[in-house]
Amino acid sequence: MTISFYLRPTKDPETGVLAYCITDGGKVLQRRSYNLRINNRYWNKKNQRVEEQHADSNFINSIIQESTNVIQSFMKKKNDFPKIRIRS
C-alpha cells in the first residue's frame, strides 16, 4: 500500500489543492482532496510536504502526517482480520 500526497491542479497554474491517493499494487483504492490551496513553489514533490518558507507549513505538514498515521492504522487493522472465503 502506498499513500501519495500531491497538489491537484486548479484553474490558477500557480496553485494546487492538497490531495492524496492510496494505491495497492497499482490499483487506486482512494483519492481525496483537502480544501487547502497551496502555491506550487512551496510544495516539495520529493518529500510530499510543504516547504518551511510557507507561513502555515507546520500546520499543513501536521495534517499530512496525521492523515498518513490514520490511514496506515486503519489499513493495519483491516489486514489483521482473517480473510474468509465463502464457497457456494
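Tutor: Gladly! Let us begin with surface: accessible areas come from the Shrake-Rupley method with a 1.4 Å probe, and for residues only the protein chains shown count as cover. Here the accessible surface of the chain comes to about 7,000 Å², and carbon and sulfur atoms hold 49% of that surface. Keep in mind that this is a predicted model, where local features need pLDDT of at least 70 and side-chain atom pairs count only at pLDDT 80 or more, while totals for chains, interfaces and linings use all residues. Residues are numbered from 1 along each chain as its sequence is written, and side-chain values use heavy atoms, leaving out hydrogens and water.

Student: Which elements does the chain have, and in what order do they run from the N terminus on?

Tutor: Helices (H or I, at least four residues) and strands (E, at least two) are DSSP runs, numbered from the N terminus. This chain has five strands and one helix, and the elements run β-β-β-β-β-α.

Student: How do strands come together in a sheet?

Tutor: Strands of a sheet pair through backbone hydrogen bonds, either parallel or antiparallel. Two strands count as paired if DSSP finds at least two bridges between them. In this model, three strands form an open sheet in the order β1-β2-β3, with antiparallel pairing. Its edge strands are β1 and β3, each of which pairs on one side only. From one strand to the next, the twist averages 25°; axes for such angles are lines fitted to C-alpha atoms, for helices over the stretch in contact, and angles run from 0 to 180 degrees between N-to-C directions.

Student: How many bridges join β1 to β2?

Tutor: Eight bridges join these antiparallel strands, and a hairpin of five residues connects β1 to β2. To follow the pairing by eye, find Thr2, whose bridge partner in β2 is Thr23. Then look for Tyr6, which stands opposite Ala19 in β2.

Student: Is Thr15 buried or exposed?

Tutor: Buried means under 20% relative accessible area, exposed over 50%, and partly exposed in between (1.4 Å probe, protein chains only). Thr15 has 17% relative accessibility, so Thr15 counts as buried. This residue is found in strand β2 (residues 15-24). Contact means heavy atoms within 4.5 Å, and beyond its neighbours within four places in sequence, Thr15 is in contact with Thr10, Arg37, Ile38, Asn39 and Asn40. For the chain as a whole, 31% of the 88 residues count as buried.

Student: How do I read a pair of aromatic rings?

Tutor: A pair of aromatic rings is described by the distance of the centres and the angle of the planes. Rings of Phe, Tyr and Trp (its six-membered ring) pair if their centres lie within 6.5 Å; planes under 30 degrees apart count as stacked, over 60 as edge-to-face and the rest as tilted. By this rule there are two aromatic pairs. Phe5 and Tyr20 make a tilted pair, 5.9 Å centre to centre with 50° between the planes. Phe5 lies in strand β1 (residues 2-9) and Tyr20 in strand β2, so this pair ties together parts 15 residues apart in sequence. The rings of Tyr20 and Tyr34 have centres 5.9 Å apart and planes at 50°, so this pair is tilted too. It links Tyr20 in strand β2 with Tyr34 in strand β3 (residues 27-39), 14 residues apart. Phe5, Tyr20 and Tyr34 form one aromatic cluster.

Student: And what is a nonpolar core?

Tutor: In soluble globular proteins, nonpolar side chains tend to be buried together. A nonpolar core is a set of buried Ala, Val, Leu, Ile, Met, Phe, Trp, Tyr and Cys residues joined through side-chain atoms within 4.5 Å. The largest one here has 15 residues, and Phe5, Leu18 and Trp43 have the most contacts inside it. Two or more residues come from each of β1, β2, β3 and α1 (57-80), and α1 gives the largest share, five residues. Phe5, at 4% relative accessibility, counts as buried.

Student: Where is Gln48, and what is its phi?

Tutor: Most residues other than glycine have a negative phi, and most peptide bonds are trans. Gln48 has a positive phi, near 55°, and sits in the loop between β4 (43-44) and β5 (49-50). At 21% relative accessibility, Gln48 counts as partly exposed.
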